[in-house]
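The following questions and answers examine the model shown below. Please consider each question against the coordinates before reading the reply.

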Amino acid sequence: MTIFAPPPSGQEDPLELEFLLLPDTSMLLLAAMVEPLRGANRLMNRQVYSWRLTSPDGAPVTTISDFPIAVSDRFDPATPRDALVVIAGYNIETHATRDLIGRLRLAGRKGGAIGGVESGAWLLAMAGLLDGRRATTHWEDLEAFETRFPSVILQQDRFVIDGDRFTTGGATPALDMALELIRQRQGNALAMDVASLFIYEESSLPSDPQRSISLGQLAKREPRVAAAVRLMESHLEDPLSINQIAEAVDLSSRRLETLFKRFLGQRPRDYYLGYRLKAARRQLVAGAASTLQIGTSCGFNSASAFSRAYRARFGESPSETRRGLS
């Protein structure tokens, strides 16, 4: 999984990274990559990493939370760098212009490490830079990505390194990726010290699957409910009965219902249905499949059953959701 070799003995030149930032990106994605590098410089008491921010047109980038971020220049594929990191979040189809994809393709021909953070993987795939490579993206987009780019070997991992390409699934996997960069270049001790600056515990492996539900403290307070939720998450297309779930976590159906109400404020059946409908809505917004395909993939055995449940939950039909995005 090595991509960034340790600097030669006595080498003082910092690793130079360029972060290509796209509009509608989360600030957390950028911070997750940059702040660990800043922390490494601080702890080493010298500059072992340097970076610059660019944008597709050289103009400041407005994040999804409406904060402007200044950049140093327009992205130029000919600019010397040790690594290029494309950071992108929402509305990727709008921002992935033909010109930008062409420039990324040229950057790929120059060689060197190229990474994509969250939706940045989409731009790399559009430029053909992930063909035949293992890669990942945010868990909400995995199915759409796999359909769009069949030549990419998609994995549900938190982050993936394949040769001189690396991709991450979101903000905390991006932080893990930055720490891995530091670990490969300066060793595990510095990576641990940097993580400690942010009071961050690296409790996940790169190959751990991304989870669509963050259980956090629930897994510690009531692991049986957490296990039940994980079963629901892994049985989307073929929903389990509540009795099957209760039996799998060694509870009676009545006890499972009591615990769900206490810790999640809902009956297990209602929680499960809501999870399936939210998954369907994400796919509708992504626009990667037909309404019938989406309903089936989320465990509804007929279009009418899917439409009824969807309208009851969101106040509109699946087709109305799609029309509202056009």
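Two strands pair if DSSP finds at least two bridges between them; helices (H or I, at least four residues) and strands (E, at least two) are DSSP runs, numbered from the N terminus. This is a predicted model, in which local features need pLDDT of at least 70 and side-chain atom pairs count only at pLDDT 80 or more, while totals for chains, interfaces and linings use all residues. Residues are numbered from 1 along each chain as its sequence is written, and side-chain values use heavy atoms, with hydrogens and water left out.

Q: Which residue takes a positive phi in the hairpin of E10 and E11?
A: Strands E10 and E11 pair in the antiparallel sense over four bridges, and Val160 stands opposite Thr167 in E11. Two residues lie between the strands of this hairpin. The residue with a positive phi, near 65°, is Gly163.

Q: Which residue of E7 is the bridge partner of Leu84?
A: Strand E6 (residues 83-88) and strand E7 (residues 113-118) pair in the parallel sense over six bridges. Within E7, the partner of Leu84 is Ile114.

Q: Are the residues on the two faces of strand E11 buried or exposed?
A: Strand E11 (residues 165-168) pairs with E7 in the parallel sense over four bridges, and Gly115 stands opposite Phe166. One side carries Arg165 and Thr167, the other Phe166 and Thr168. By relative accessible area (1.4 Å probe, protein chains only), buried means under 20%, exposed over 50%, and partly exposed in between. On both faces, these four residues are all buried.

Q: What is the relative accessible area of Glu237?
A: Glu237 is placed in the loop between helix H9 (223-234) and helix H10 (242-248). Its value classes Glu237 as exposed. The relative accessible area is 53%.

Q: What distance separates the C-alpha atoms of Ser196 and Leu175?
A: Ser196 is found in helix H7 (residues 188-197) and is exposed, with a relative accessible area of 51%. Ser196 and Leu175 are 21 residues apart along the chain. Their C-alpha atoms are separated by 13 Å.
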